[in-house]
Amino acid sequence: MNARFFIGTPLFAGLVFLLSLSVLAASFHWAIKDLMHAWDSKEYGHSYILPLLALWMALHRMRQKPLSAQPSKSGLLCVFGAFGLLMMGELAAFRQLAHYGFYLGLLGLCLAFLGRKITKQVAPAWILLLFAIPFPLQLSNVMAVELKLLSSSLGAFFLELLNIPVFQDGNVIDLGTVKLQVVDACSGLRYLFPLMSFGFLVAYLIKDRFYKRAIVFLSTIPIAIFLNALRIAVIGITAQWGAETYHDLEGWIVFSLCLAVLWGIVLIFLKTGKGRFDWDFFALPAPPYWTKAPKSGEVTWGVLGLCLLGAALAHGNLWQTHQKEPAQHQELVLFPLELGPWQGRQLALEDKVRKQLDLTEYWLADYMAPMQKELVNLYIAYYARQKVGATIHAPSTCIPAGGWEIILLEEDEIILADRPKRLVRMMIQKGAERQLVYYWFYQRGRSIPDRLTAKAYLFWDALVHGQTQGALIRVITPLAQDETPKAAQERLKDFLAQSLPSLDSFLPPLERLP
């Protein structure tokens with residue numbers, strides 16, 4: 001067999017594909033590692049099996065109706081876009097962009113080696129694979145807060161149906177003899193995410209009209225919420241009896257019930273219609289998968305070249321080589337402990353916390369003023385250069401790790417020194433303790449409440465100005481017993497009005513930056 005003949009064989013095309021895939025995976029190694037770290041959580045533990053299920057589904061669809069493999073130039077655009085997302089993810093220190101970039105790169109390889117027709121044929125497998133990409137933390141936290149409150153309300157409703165006296169205050173269910181606090185782990189996301197993935201697969205395997213399949217998939221949302229609320233009600237009943245609660249065991253039981261209810265809906269549709277369930281899906285998808293096997297050509301060589309070029313850029317981190325020295329500013333260690341009537345006491349982060357945050361500088365202090373019931377804690381986290389793994393963390397993603405529950409999360413606007421300032425307001429609770437939190441992001445002189453907008457400015461500043469410095473400003477005050485949130489809000493506003501001139505001095509406005 002001469003070399004020219006071998007190059008034109010499907011075997012050689014397979015080798016080029018494997019090489020392209022290996023180079024792509026090496027370029028996105030930190031994104032893949034980050035994905036697998038997310039899959040270790042209970043919300044996404046099921047994701048490890050999704051790539052295998054997607055591949056199994058794709059092979060079955062290709063086997064059912066073999067098509068000719070005709071490489072498409074659109075694969076080049078997808079691979080180019082994949083490395084573009086990787087670059088944006090690194091410049092904006094936004095992990096999820098790299099996750100979707102790797103997904104887009106895999107899609108590009110499919111288009112480049114198999115073509116549009118086969119890629120379209122296996123589209124359900126690509127949709128299933130999307131469920132393996134975690135939601136951004138900020139979105140997940142918002143969903144957790146909303147679902148937690150909804151589950152608390154439904155749980156209290158079920159208890160009332162059983163004539164059990166109950167009083168609900170946010171995510172706290174008061175049964176008189178015992179109080180239940182519905183934490184983030186009980187929001188229902190641990191059921192919702194895997195159930196939606198499984199629901200999509202089940203809906204795909206139903207060979208019936210589209211609206212029935214859509215109902216099966218969409219029903220996973222109310223099923224997860226309803227049964228999670230029922231679990232909360234059962235915990236309330238057993239807690240009154242003094243019985244011990246086994247959360248992990250109860251979790252598996254509830255998820256099994258979710259699957260049973262979902263399968264019950266499927267059986268109803270199968271019994272009342274002419275549809276069928278595709279049991280052939282569980283058989284081995286033996287070849288042939290195409291009528292004309294893929295061969296190497298201009299498109300496949302072009303994709304390999306793009307992957308090699310992207311890998312070289314990613315390995316050398318060349319898109320960040322133009323970064324300049326960060327703008328000069330006063331060191332935060334010199335931040336004043338006296339802000340008008342407010343007198344401060346400097347604090348320090350634990351070494352392991354500071355190491356984990358990987359920040360450049362920080363300021364942490366408690367301030368107290370005459371006639372105030374409670375203190376105000378000020379925290380400033382400054383990063384001279386932001387990058388993946390060393391970037392500003394939103395308090396909404398970090399505070400729950402300390403055992404605090406977010407019971408309110410919204411953007412707000414307050415007037416400070418006759419000028420409006422948009423920020424995020426949070427009310428957090430741990431047992432009977434409540435605290436009010438204000439925070440915003442500082443991105444090269446801009447005060448930004450929204451994390452995604454801050455990421456967009458970070459990408460722009462890194463690309464255009466070669467600078468990525470930024471900071472987080474956060475203030476917290478406890479609520480005294482019987483104190484209203486409005487009184488705590490006025491305390492934070494007074495403190496921020498006194499501290500704003502110093503904040504502008506240590507973190508200069510945009511017009512004072514080079």
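Let's start at Arg-444, which sits in the loop between β14 (433-443) and β15 (446-448); strands here are DSSP runs of E with at least two residues, and helices are runs of H or I with at least four, numbered from the N terminus. This is a predicted model, in which local features need pLDDT of at least 70 and side-chain atom pairs count only at pLDDT 80 or more, while totals for chains, interfaces and linings use all residues. Residues are numbered from 1 along each chain as its sequence is written, and side-chain values use heavy atoms, leaving out hydrogens and water.

- Arg-444 has a phi near 50°, a positive value in a residue other than glycine.
- Arg-444 is buried, with 2% relative accessible area (buried is under 20%, exposed over 50%, partly exposed in between, with a 1.4 Å probe and protein chains only).
- Asp-482, in the loop between β16 (470-478) and α18 (485-506), has a phi near 65°, again positive in a non-glycine residue.
- Asp-482 counts as exposed, at 72% relative accessibility.

**The loop between β6 and β7**
- Trp-279 lies in the loop between β6 (276-277) and β7 (290-292) and is exposed at 55% relative accessibility.
- Pro-288 is also placed in the loop between β6 and β7, and a cis peptide bond with omega of about 15° joins Pro-287 to Pro-288.

**Helix contacts**
- In α5, Met-87, Met-88 and Leu-91 meet Leu-458, Phe-459, Ala-462 and Leu-463 of α17, where contact means heavy atoms within 4.5 Å.
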